[in-house]
Amino acid sequence: MRYLYFLNKISFPMAQIDCLKLQHFRNLSQIEWTLGSGQNIIVGDNAAGKTAIIEALWFLASGRSFRANQPKQLIQQDHNQFTLYCEVAHQHRTHRLGLCRDAIQTIIHLDGQKNATQSDLSQCLPLQLLTPESHQLLTEGPKARRRFLDWGCFFHYAEFIGHWRQFQRALKQRNMALKQQRPLDEIALWDKNLIGAGLAVNAIRSDYLQKLEPILLDFAEYLMPRFNEQHNLTLSFYPGWSSHYQNFGDSLQQYLSKDRQLGFTQYGPHRMDIRIKVDQQDALMRLSRGQQKLLVCSLLLAQAQYLAEQSGESVIMLIDDLPAELDETHRFKLLNLLQEMHIQHLVTTTSLELIPATHKDSRHVFYLHNSQLRPST
Ligand SMILES: Nc1ncnc2c1ncn2[C@@H]1O[C@H](COP(=O)(O)OP(=O)(O)OP(=O)(O)O)[C@@H](O)[C@H]1O
Ligand SMILES: [Mg+2]
């Protein structure tokens, strides 16, 4: 297996969160947390705020929550804003990331500079997330799969973010022209940019997916032994428009009158999807819930390994409520793999007994109670 080869040969510096401070986030008034390298376990009762800590880090890295539609829901009741700060060692440097959010706006700081953007923060904090809802990557609509793929494209291809922004801008303008019933030649004005940037975005996505597929199969084989022998797992790239049309431009032409009726662009890279099939059938139909979760773990691990191979960098993995995710055997396998891959990981649980002790020397346990996070003594 490729990853075993990788584990034996490469030792790379770990991206690592050294400390996290937060204020007035959900039920947590104030937390100051110094993390260890390797495994960090947060133990707490229901409603202690474990998911809130994972959510805070995810908000810093992505500018959004994985469970609230509106950032103002994250502000502690009876307060006006929340603040987040973390120090992360990344690419042989330590970065200081800060974010303050009130009901209206977000203010971002990076290394003391005020003019930083969300994508600057994302670049410094390569997080991956596993929650009890992670199987939705397979079961829900394509949006989550686009995010998954775009995460990797963002880290691997420096030009990706520029093309992506250009595409989003052109799409917005074209949709506005469609909605306002502008004349055809005005709508066509946006097509050139839309097609150019859209094809560049999709070319990167498709290339990245191809690189990921063999690594994914290795991890799926490790987490679900003999899976590859018994089943044929395939990933294919759906560009966002029908294969009946030779290219994106043709598809835009064909759907122009319908787009004008609807007031938006129906097909294009904004509808891209990864089609995941097991034995030629939709993966959802063939896999148990547990297998779906293991497949999602394999997808994330494949991304992590490819990043390490290409850039010598590791991701940081957030795992909310690990016991709800996997049975004991698979909890052990996953944690073992994360330790072997030198990936710092943050795990939450209601009971420490549910977390298998894989590498005790790099295990750091913290108890969350009454909004206080204390290391175990
Ligand atoms: N804006 C807010 N202000 C104050 N409290 C909030 C806010 N939003 C959520 N809460 C509360 O924060 C608490 C922590 O929720 P959280 O989901 O993080 O707990 P948890 O430790 O992950 O629990 P579980 O083990 O059940 O998953 C809950 O009691 C919730 O009602
Ligand atoms: Mg929780």
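These legends accompany close-up views of a predicted model.

**View 1. The largest pocket and the residues at its centre.** This pocket has a volume of about 1,500 Å³. Its lining is made up of 46 residues, and those closest to the pocket centre are Trp 58, Arg 64, Ala 144, Arg 147 and Phe 148. By residue type, the lining of the largest pocket consists of 22 nonpolar, 14 polar and ten charged residues.

**View 2. Elements and domains that line the largest pocket.** At least two lining residues come from each of α2 (50-62), α3 (118-124), β7 (127-130), α4 (136-139), α5 (142-156), α6 (160-179), α7 (184-223) and α12 (289-311). The most is given by α5, which supplies nine residues to this lining. Domain 1 (1-126 + 313-377) and domain 2 (135-310) each contribute at least three residues to the lining of the largest pocket.

**View 3. The shell around ligand 1.** There are 16 residues around ligand 1, and Ala 47, Lys 50, Thr 51, Arg 67 and Ile 75 come nearest. The shell divides into four nonpolar, eight polar and four charged residues.

**View 4. Polar atoms beside ligand 1.** Thr 51, one of the residues that come nearest to ligand 1, has a polar side-chain atom 2.7 Å from an oxygen atom of the ligand. The backbone is represented by Ala 48, where a polar atom lies 3.2 Å from an oxygen atom of ligand 1, and by Gln 73, where a polar backbone atom is 3.0 Å from a nitrogen atom of ligand 1. How much of ligand 1 does the protein bury? Ligand 1 taken alone exposes 660 Å², and 68% of that is buried by the protein.

Conventions:
Residues are numbered from 1 along each chain as its sequence is written. Chains are lettered from A and ligands numbered from 1 in the order in which they are written. This is a predicted model: local features need pLDDT of at least 70, side-chain atom pairs count only at pLDDT 80 or more; totals for chains, interfaces and linings use all residues. Side-chain values use heavy atoms; hydrogens and water are left out. On a 1 Å grid over the protein atoms alone, a cavity is a set of points where a 1.4 Å probe fits but cannot get out, and a pocket is an open set with protein on both sides within 12 Å along at least five of seven lines; lining residues have an atom within 4 Å of a point. Grid points are joined across faces, edges and corners, and a volume is the space filled by probe spheres set on the points. Helices (H or I, at least four residues) and strands (E, at least two) are DSSP runs, numbered from the N terminus. Ala, Val, Leu, Ile, Met, Phe, Trp, Tyr, Cys and Pro count as nonpolar, Asp, Glu, Lys and Arg as charged, and the others, Gly among them, as polar. Domain bounds come from an automatic or database domain assignment. A residue is near a molecule or strand if one of its heavy atoms lies within 4 Å of it. A polar contact is a pair of N or O atoms within 3.5 Å; within protein, one must be able to donate a hydrogen and the other to accept it, and residues adjacent in sequence count only if both atoms are side-chain atoms. Accessible areas come from the Shrake-Rupley method with a 1.4 Å probe; for residues, only the protein chains shown count as cover.
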